[in-house]
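Welcome! Please take a look at the sequence and the 3D view before reading on.

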Amino acid sequence: MLFFVARRLLYLVPVLIAVSVLTFVIASLLPGDLAYVILGDQATPENVAALRHDMGLDQPIWLRYLGWLWHILQGDFGRSFRTGQTVLQAVSERIPVSFELMILAELIGLAIGVPLAIACAAKAGSAFDRLMTGSAFGMLSVPTFLSAILLIYLFAVELRLLPATGYVPFTEDPVANLRFMVLPALTLGLAEWPGIMRVLRSDMIAALQEDYIALAKAKGLKPSRILFVHALKPSSLTLVTITGINIGRLIGGAVIVETIFALPGIGRLLVGAILTRDLIILQGVVLLVAAGFVIMNFIVDMLYAVLDPRIRHGHA
Amino acid sequence: MSGALLSVEDAVVDLPTPRGNLRAVDHVDLAVGAGKTLGIVGESGCGKTMLSRAVLQLLPKKAKLSGRVMFNGQDLTTLSAEKLRKLRGRSLAVVFQDPMTSLNPVLTIGTQLIETIQEHLELDLAQARQRSIELLAAVGIPAPEQRLAQYPHQLSGGMRQRVAIAIALSCEPQLLIADEPTTALDVTIQAQILDLLAREQQRRHMAMIIITHDLGVVAGRTDEVAVMYAGRVVERAPTPALFKQMRMPYTEALLAALPKLDVAPHTPLPAISGRPPDPTRPLKGCSFSPRCRYSAGRCTTEKPRLSPAETQEHLYACFHPIAAGVGA
């Protein structure tokens, strides 16, 4: 097991290097010279040349990449030329917001999706199953901005139960924090459950056809044990995969939802950086988000091994 | 058929398919006494597995079963799901064909044994664990205590089938159904598994049904043999009587199709030509008639009934039985 973990960790190194190269190259390919952005349209060519030299922008791209990487390895991701904030400061300020949103959204998605999937698989082909698969398909086609507006209308405007926009840190006032988080998390969760439900449902239906389920029945086990232990455990691999991908995706912030609900998360940091051409913040944040995604996938791999002994023992 | 532990009476299994109704089991009568062994022999698709699933009441949802399955005086077809569940694994156990797929890949051997024991017997975890170790030792698994923590993929096919047998034996069942228990195994392992089943059957005095396509498997190990073809029992006799004098041409052909060691190399195997009839298009006459070398006259127009001949125990369904003293 330790060997397995170490090997997977080793795989991360080339992936992370590739991610950093791509991030840097793409940021460098963006049109517009950083020096012009900083100096504005009043800049003289001499000023621009001087600033480019100061910032090292006149050096070849590979040299600039290595310099950037060297600083990153020392924990220096750069600093916004606009606010003077470092990338790490900006991210650490906003990550709790996106992180909390992601956890809550995923919990809501799982809380709706998993029980529905099990119920549908147990009664595959029934009216209930068809109704639920149909609703899942319907929900899958509703964009988040639409469900966000509908939820705001229902809970904030009509029922006046929850605030529509705003944010208070959890450490300041947990209750107020959760009240602000309910609607955005629900918006995302409603988009997450259909995928979770459909994947787990089809995996469980497949598992229920297996010989070992027939044997479990022939052993006289209770239907609940057959469903929750014999069928659910081998079916949970893809569930872990899509939950991992969802979480990875949400690490980058839910741009639309954070914007609608005015949450100061990573998504809005990124959008702000793009709009103000704050390239240093942009490439730093993209790199951190991509690294988070890669690490999330590593955790998913580890969970596979926990769930399926065949992977753990290298038989898969 | 009174006094039998299990008796299947006039069982019919129909499966709806896109091509029409498929009659997998066609008016079958069978019985096994307590402590006795019955062999059911037939080629793939003859309905033997469907028959065993009908006994266990584990037919596919769409299948329709009519007739009675009497076990210990109760009709299993009318029993509630909960009562059936209490019977399965406890009094009525099964070993499936392929041990690669019949054990759950993500649960340990120990879990799969202990859950069965604890479901049916009033034992605490430590006792159930102890019993599991004894069972694994009884079916010839070395280092049984370590096996409990292992997963199926860590064991060979033969070992897995031994685990499946240990699970089946775990609650001292009255009847064990072994559905092609050796088909998926290496030849060298087959005899070991069959001998293990026979030994445990005798030791525990349980009834056993061995389902196989191989007459050689049932030859020395059963009290009675039923030969199935196209969903019907076509010949049924006490094992010694059957091998002494088989009457149904299909049985003879099945025996002739077994490879033998004493023939010259490169002699073609006397395979049964043709295929079994399409079960969705039942024949009017004897279903074996298109492939039978004795077929003549009413064989193609009338179905022969399974009836006793010289002795009450030897039944066969044939208009032109192989005469005494002739045949393979």
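## The model and its confidence

What you see is a predicted model, with an ipTM of 0.87 and a pTM of 0.82. The mean pLDDT of chain B is 89, and 98% of the residues in that chain score at least 70. Confidence in chain B is highest in helix 4 of chain B, where the mean is 96.

## Chain A: helices throughout

Chain A has 14 helices and 0 strands. Along the principal axes, the C-alpha atoms of chain A fill a box of roughly 85 × 55 × 35 Å. Of the 316 residues in chain A, 34% are buried. Among contacts in chain A with a separation of 6 or more, 71% are between residues 24 or more positions apart.

An unreviewed UniProt entry annotates "transmembrane region" in chain A at residues 9-30, 101-122, 134-156, 176-196, 250-274 and 280-307. Two of these spans can be followed in the model. Residues 134-156 of chain A are 87% helix and 0% strand, and their end C-alpha atoms are 28 Å apart. Residues 176-196 of chain A are 100% helix and 0% strand, with 29 Å between the end C-alpha atoms.

## Where the two chains meet

On the chain B side, 25 residues are in contact with 19 residues of chain A. The elements of chain B that give two or more residues to this side are helix 2 (81-87), helix 3 (99-102) and helix 4 (109-120). Helix 4 of chain B supplies the largest share, 4 residues. Sorted by class, the side of chain B that touches chain A has 10 nonpolar, 8 polar and 7 charged residues.

## Chain B: an annotated domain and two sheets

For chain B, the UniProt record (an unreviewed entry) places "domain: ABC transporter" at residues 6-255. That span is 40% helix and 27% strand, and its end C-alpha atoms lie 27 Å apart.

One open sheet in chain B has 8 strands in the order 6-7-8-3-9-10-12-11, with mixed pairing. Its edge strands are strand 6 (92-95) and strand 11 of chain B, each of which pairs on one side only. Strands 10 and 12 (residues 315-316) of chain B run antiparallel and are joined by 2 bridges. In one pairing, R236(B) has L315(B) of strand 12 as its bridge partner. Helix 7 of chain B (residues 157-169) packs on this sheet, touching strand 6 and strand 7 (175-179) of chain B. The direction of helix 7 makes about 175° with that of strand 6 of chain B.

Another open sheet in chain B is formed by 4 strands in the order 2-1-4-5, with antiparallel pairing. Strand 2 (20-32) and strand 5 (74-75) of chain B each have a single partner strand, so one side of each is left without a neighbour in the sheet. Strand 1 (residues 6-17) and strand 2 of chain B are antiparallel and joined by 9 bridges. Along strand 2 of chain B, R23(B) stands opposite D14(B). Helix 1 of chain B (residues 48-56) lies across strands 1, 2 and 4 (64-71) of chain B, running at about 115° to strand 1.

## A covered helix

Helix 11 of chain B (residues 249-256) is mostly covered, with 6 of its 8 residues buried. Which residues of helix 11 of chain B are buried? They are P249(B), Y250(B), T251(B), E252(B), A253(B) and L254(B). These buried residues pack against strand 3 (37-41), helix 9 (215-219), strand 9 (224-229) and strand 10 (232-238) of chain B.

## A closer look at one proline

P240(B) sits in helix 10 of chain B (residues 239-244). Is P240(B) buried or partly exposed? P240(B) has 13 other C-beta atoms within 10 Å, so P240(B) counts as partly exposed; a buried residue would have 20 or more. P240(B) and A219(B) are 21 residues apart along the chain, and their C-alpha atoms are separated by 8.1 Å.

Technical notes: Residues numbered from 1 in each chain as written. Chains lettered and ligands numbered in written order. Predicted model: local features only at pLDDT ≥ 70, side-chain atom pairs only at ≥ 80, totals over all residues. UniProt positions renumbered as here; feature names shortened; annotations may be inferred. Contact = placed C-beta atoms within 7 Å. Nonpolar A, V, L, I, M, F, W, Y, C, P; charged D, E, K, R; others polar. Buried ≥ 20, exposed ≤ 12 C-beta atoms within 10 Å, placed from the backbone. pLDDT = per-residue confidence, 0-100. Pairing = 2+ DSSP bridges. Axes fitted to C-alpha atoms, helices over the stretch in contact; angles between N-to-C directions.
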